[in-house]
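Dear colleague,

Please find below the structure that I am handing over to you.

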Amino acid sequence: MAIPLRKSHEIEALREANHIVAETLKILANSVQEGVSLLELDLIAENYIRSKGAKPSFKGLYGFPSSICTSVNEVVIHGIPTNYKLQNGDIIGLDVGVELNGWYGDSAITIGVGTISKENEELISCAKDTLYYAISIIKDGMRFKELSHHIEQFIRNRGFVPLANYCGHGIGRKPHEEPEILNYIDGGSPNSGPKIKNGMVFCIEPMICKFDVQSTLLNDKWSVVSKDGKNSSHYEHTVAIINGKAEILSK
Ligand code: MG
Ligand code: MG
């Protein structure tokens, strides 16, 4: 199946959906503090998204029960909001997906609660810096595998490892479309597979672990935790390829 090339009015529709995602993340970031529960954050996000005439796209997606993903400390991705109250020193990944008029947006950040350790700061910087590095090197004609290769190198040069078996993805009329964009090279040459082209819209999402790329699911069947059990981080933007370069839509 070919990866869709979006026309400019379609990219504008995606930009609108992603703008709501970005605003939601901003509100959530301002709401994160010691004592706030994950369920409260979920409600804040859902209310804001619906007030904009959009829908929280994760709700019901593959059976996911909530509006956003809240991944605390060792949870890398897909954490379910519970009545857990944030504590000073925690780090929390916030992942938001929105559907507006049949178009989808998706973005994630990881932030600290109160004062966090130097180690956690480095972990978060790695995810954020990897994301912005990846966005900066994308150009029309580059292969997705080449991008994955550079992402992996960047993460490993910082002394961390990319989570295996989860990835970035195309986005548009569905929350997850082709292609899969891994944060590492899974065999084969970086110089193979589909090329990045003008009009493509996709999500890049570095997922950073300390030692072990392999993961397990917690008992809730959603929360993904590295086998090393250490804290982890995640950042994500939706980008569109315009005039040969990646432009961030989720801002
Ligand atoms: Mg996401
Ligand atoms: Mg995503």
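A donor is an N, O or S atom within 2.8 Å of the metal (3.2 Å for Na, K and Ca); water is not among the atoms, so sites may look incomplete. The model is predicted: local features need pLDDT of at least 70 and side-chain atom pairs count only at pLDDT 80 or more, while totals for chains, interfaces and linings use all residues. Residues are numbered from 1 along each chain as its sequence is written, chains are lettered from A and ligands numbered from 1 in the order in which they are written, and side-chain values use heavy atoms, with hydrogens and water left out.

The metal sites

Strands (E, at least two residues) and helices (H or I, at least four) are DSSP runs, numbered from the N terminus.

The magnesium ion (ligand 2) is held by Asp106 (OD), His169 (NE2), Glu205 (OE) and Glu236 (OE), at 2.1 to 2.3 Å. Asp106 bridges the two ions, which lie 3.1 Å apart.

The nonpolar cores

A nonpolar core is a set of buried Ala, Val, Leu, Ile, Met, Phe, Trp, Tyr and Cys residues joined through side-chain atoms within 4.5 Å. The largest has 52 residues, and those touching the most other members are Leu41, Ile92, Leu94, Leu147, Phe202 and Ile204. Helix α3 (residues 118–137) gives the most to this core, with seven residues. Another core, of 10 residues, lies apart from it and includes Ile11 and Val201.

The cysteines

With a disulfide taken as a pair of cysteine sulfur atoms within 2.5 Å, the count is zero. For Cys69, the nearest cysteine sulfur is that of Cys203, 13 Å away. The sulfur of Cys126 is 10 Å from the closest one, in Cys209, which is too far for a bond. Cys126 is buried, at 0% relative accessibility.

Yours sincerely

Notes
Buried < 20%, exposed > 50% of the residue type's maximum accessible area, 1.4 Å probe, protein only.
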